[in-house]
Structures are given as structure tokens and as C-alpha cells.
Amino acid sequence: VQLQASGGGLVQAGGSLRLSCAASGGTFSRYAGGWFRQAPGKEREFLAVVSWSGRSTYYSDSVKGRFTITRDNAKNTVDLQMNSLKPEDTAVYYCAASRGPYSSVYEYDLWGQGTLVTVSS
């Protein structure tokens with residue numbers, strides 16, 4: 001399975017973006033889908049994960065209430081709706097797949113290439 005992240009761009013503080021992660025070459029529904037981000041000079045940070053069924057979701061405290069993760073197994077996608085964006089949300093955003101709804105980067109076997117999100121003040 002290969003993952004392709006898209007939807008990044010430049011947005012003003014307070015605005016919204018929707019990121020999408022599309023899987024090809026296999027079935028994404030066999031995996032939990034997660035989103036991470038990495039800002040320059042910082043470690044990769046867990047943001048959100050959705051279980052393979054879509055019934056369970058988990059968020060980091062930094063994005064809870066602002067970001068929403070969803071999946072569409074018919075389309076083989078996992079999306080991240082980001083609202084009320086802040087300049088500190090600026091980072092490269094990565095989607096990933098794991099055997100379960102984990103928050104550690106080490107539990108994820110498959111990664112997309114990343115999409116840049118820049119939030120201006």
C-alpha cells in the first residue's frame with residue numbers, strides 16, 4: 001500500500017484546510033489511519049488517528065477540538081479537517097498507516113510523502 005497526502009497550502013490564522021490521504025496498491029481499510037506533523041527542528045508529532053472501522057478516533061491535546069479525522073473506506077482515504085489554524089500549526093503534515101490506533105511514530109509502517117501547511121499570522 002502506498003499513501004499520498006495532499007491538501008496543504010498557505011492559510012491565514014483562523015482559517016481552515018482539509019488534508020486528504022489516499023491509498024493505492026492495497027486496501028487502506030485494513031489499517032488504522034493517522035496524521036502527524038513535523039516542524040523544522042522538531043520531532044514528528046502525533047495529531048490524530050482513526051481506527052480501521054472509523055468508529056474510534058483519538059487526538060493529541062494540541063489539536064483536540066480544532067482538527068477532525070475521518071475516513072472513507074469506499075474511497076480508500078483518510079482526511080484531516082483543520083479549523084482555527086494557528087501559526088504554530090505550520091509544519092509538514094504526514095499521513096500514515098498502522099495495525100492499530102496508536103500514537104507512537106514507531107507503530108506506523110507506512111508513510112505518505114508529506115504536505116506542507118503554512119499558517120500566516
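Mentor: Gladly; let's begin with Gly114, which touches Ala5, Val92, Tyr93 and Tyr94 when residues up to four places away in sequence are not counted. This is a predicted model, in which local features need pLDDT of at least 70 and side-chain atom pairs count only at pLDDT 80 or more, while totals for chains, interfaces and linings use all residues. Residues are numbered from 1 along each chain as its sequence is written, and side-chain values use heavy atoms, with hydrogens and water left out.

Trainee: What makes something a contact?

Mentor: Heavy atoms within 4.5 Å. Gly114 itself is found in the loop between S10 and S11, where strands are DSSP runs of E with at least two residues, numbered from the N terminus.

Trainee: Why does Gly114 count as buried?

Mentor: Buried means under 20% relative accessible area, exposed means over 50%, and partly exposed is in between (1.4 Å probe, protein chains only). Gly114 is at 16% relative accessibility, so it counts as buried.

Trainee: Which residues have the most contacts inside the largest nonpolar core?

Mentor: They are Phe28, Trp35, Leu47, Phe67, Leu80, Met82 and Tyr93, in a core of 27 residues. S1 (2-6), S3 (17-24), S5 (45-50), S7 (67-72), S8 (77-82), S9 (91-98) and S11 (115-120) each supply at least two residues of this core. Another core, of 6 residues, lies apart from it and includes Ala32, Phe46, Val49 and Ala96.

Trainee: And what makes such a set a nonpolar core?

Mentor: Its members are buried Ala, Val, Leu, Ile, Met, Phe, Trp, Tyr and Cys residues joined through side-chain atoms within 4.5 Å. In soluble globular proteins, nonpolar side chains tend to be buried together. For a look at one member, Leu47 is in contact with residues including Trp35, Tyr58, Phe67, Leu80 and Tyr93, leaving aside neighbours within four places in sequence.

Trainee: How many aromatic pairs are there?

Mentor: The count comes to 5. Rings of Phe, Tyr and Trp (its six-membered ring) pair if their centres lie within 6.5 Å; planes under 30 degrees apart count as stacked, over 60 as edge-to-face and the rest as tilted.

Trainee: Why is the pair of Tyr94 and Trp111 called edge-to-face?

Mentor: The ring centres of Tyr94 and Trp111 are 6.5 Å apart and the planes stand at 80 degrees, so the pair is edge-to-face. Tyr94 lies in S9 and Trp111 in S10 (residues 108-111), so the pair ties together parts that are 17 residues apart in sequence.

Trainee: And why is the pair of Tyr108 and Trp111 tilted?

Mentor: Here the centres are 6.0 Å apart and the planes at 55 degrees, so the pair is tilted. Ring pairs link Phe36, Phe46, Tyr94, Tyr108 and Trp111 into a cluster.

Trainee: Where does the charged end of Arg71 sit?

Mentor: Over the ring of Phe28, 5.2 Å from its centre. The rule asks for NZ of Lys or CZ of Arg within 6 Å of the ring centre and within 35 degrees of the ring normal. Arg44 likewise lies over the face of Tyr94, at 3.7 Å from the ring centre.

Trainee: How do you know that S7 and S8 pair?

Mentor: Two strands pair if DSSP finds at least two bridges between them, and 6 bridges join the antiparallel S7 and S8. Arg71 has Val78 as its bridge partner in S8. Phe67, Ile69 and Arg71 make up the covered face of S7, while Thr68, Thr70 and Asp72 make up the uncovered one.

Trainee: Why are S1 and S7 at the edges?

Mentor: The open sheet has 4 strands in the order S1-S3-S8-S7, with antiparallel pairing. S1 and S7 each have a single partner strand, so one side of each is left without a neighbour in the sheet. S1 joins S3 through 5 bridges.
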